[in-house]
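Colleague: Please take a close look at the aromatic rings. Show me how they pair, and what surrounds them.

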Amino acid sequence: AYNAGEYRILGAVLKGKTRDFWSLIQARALPTETSDYVPKFIAAMIIGENPTAYGFRQPQTYTKYYLIT
């Protein structure tokens, strides 16, 4: 229910007679921002599972040493 609220989503599901996200997008039953957010979230999740396959590099990390006096 990103940016729409659960009752707006419920209304879209009841009006569209489906719980299929992609069908609700085609019927324009969901707000544009919601329609754009979910595919971007799925893409980020897929990239996060294997970032090097998509041209991303892991940043080099450095170990911090602390001097206790």
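Modeller: Start with tyrosine 37. At 35% relative accessibility, tyrosine 37 counts as partly exposed. (Buried means under 20% relative accessible area, exposed over 50%, partly exposed in between, with a 1.4 Å probe and protein chains only.) This is a predicted model, in which local features need pLDDT of at least 70, side-chain atom pairs count only at pLDDT 80 or more, and totals for chains, interfaces and linings use all residues. Residues are numbered from 1 along each chain as its sequence is written, and side-chain values use heavy atoms, without hydrogens and water.

Phenylalanine 41 is four residues away from tyrosine 37 in helix 3 (residues 32-49), so about one helical turn separates them. (Helices are DSSP runs, H or I, of at least four residues, numbered from the N terminus.) Phenylalanine 41 is partly exposed too, since its relative accessible area is 47%.

Now the ring pairs. How many aromatic pairs does a search of the whole structure find? The search gives two. (Rings of Phe, Tyr and Trp, the last by its six-membered ring, pair if their centres lie within 6.5 Å; planes under 30 degrees apart are stacked, over 60 edge-to-face, the rest tilted.) The two partners have unlike surroundings. Phenylalanine 21 has a relative accessible area of 19%, so it is buried. Tryptophan 22 has 47% relative accessibility, so it counts as partly exposed.

The other pair takes us back to tyrosine 37. Its ring and that of phenylalanine 41 have centres 6.1 Å apart and planes at 25°, so the pair is stacked.

The largest nonpolar core has five residues: Ala12, Val13, Phe21, Leu24 and Leu30. Helix 1 (6-16) and helix 2 (21-26) each supply at least two residues of this core. Leaving aside neighbours within four places in sequence, leucine 24 is in contact with Ala12, Val13, Gly16, Thr18, Ala29 and Leu30. (Contact means heavy atoms within 4.5 Å.)

Helix 3 reaches phenylalanine 21 as well. Serine 35 lies in helix 3. It counts as buried because its relative accessibility is 14%. Not counting residues up to four places away in sequence, serine 35 touches Phe21, Ile25 and Leu30.

Trp22, Tyr37, Phe41, Ile42, Met45, Ile46, Tyr54 and Phe56 make a nonpolar surface patch of about 810 Å². (Patch residues have over 30% relative accessible area and no salt bridge; nonpolar side chains, namely Val, Leu, Ile, Met, Phe, Trp and Tyr, are joined within 5 Å, like charges within 9 Å. A salt bridge puts a Lys or Arg side-chain nitrogen within 4 Å of an Asp or Glu carboxyl oxygen. Areas are Shrake-Rupley, 1.4 Å probe, with only the protein chains shown as cover.) Helix 3 gives the largest share of the patch, five residues.

Isoleucine 46 sits in helix 3. Its relative accessibility is 40%, so it counts as partly exposed. At 47% relative accessibility, tyrosine 54 is partly exposed. Its contacts, apart from neighbours within four places in sequence, are Ile46 and Ile47. Threonine 52 is also in the segment after helix 3. With 58% relative accessibility, threonine 52 counts as exposed. Its C-alpha atom is separated by 38 Å from that of isoleucine 68, 16 residues apart along the chain.

Tyrosine 7 is exposed, with a relative accessible area of 67%. Tyrosine 7 and arginine 28 are 21 residues apart in sequence and 16 Å apart in space, C-alpha to C-alpha. Arginine 28 is placed in the loop between helix 2 and helix 3. Its relative accessible area is 76%, so arginine 28 is exposed. Its phi is near 55°, a positive value in a residue other than glycine.

Conventions
Core = buried A, V, L, I, M, F, W, Y, C linked by side-chain atoms within 4.5 Å.
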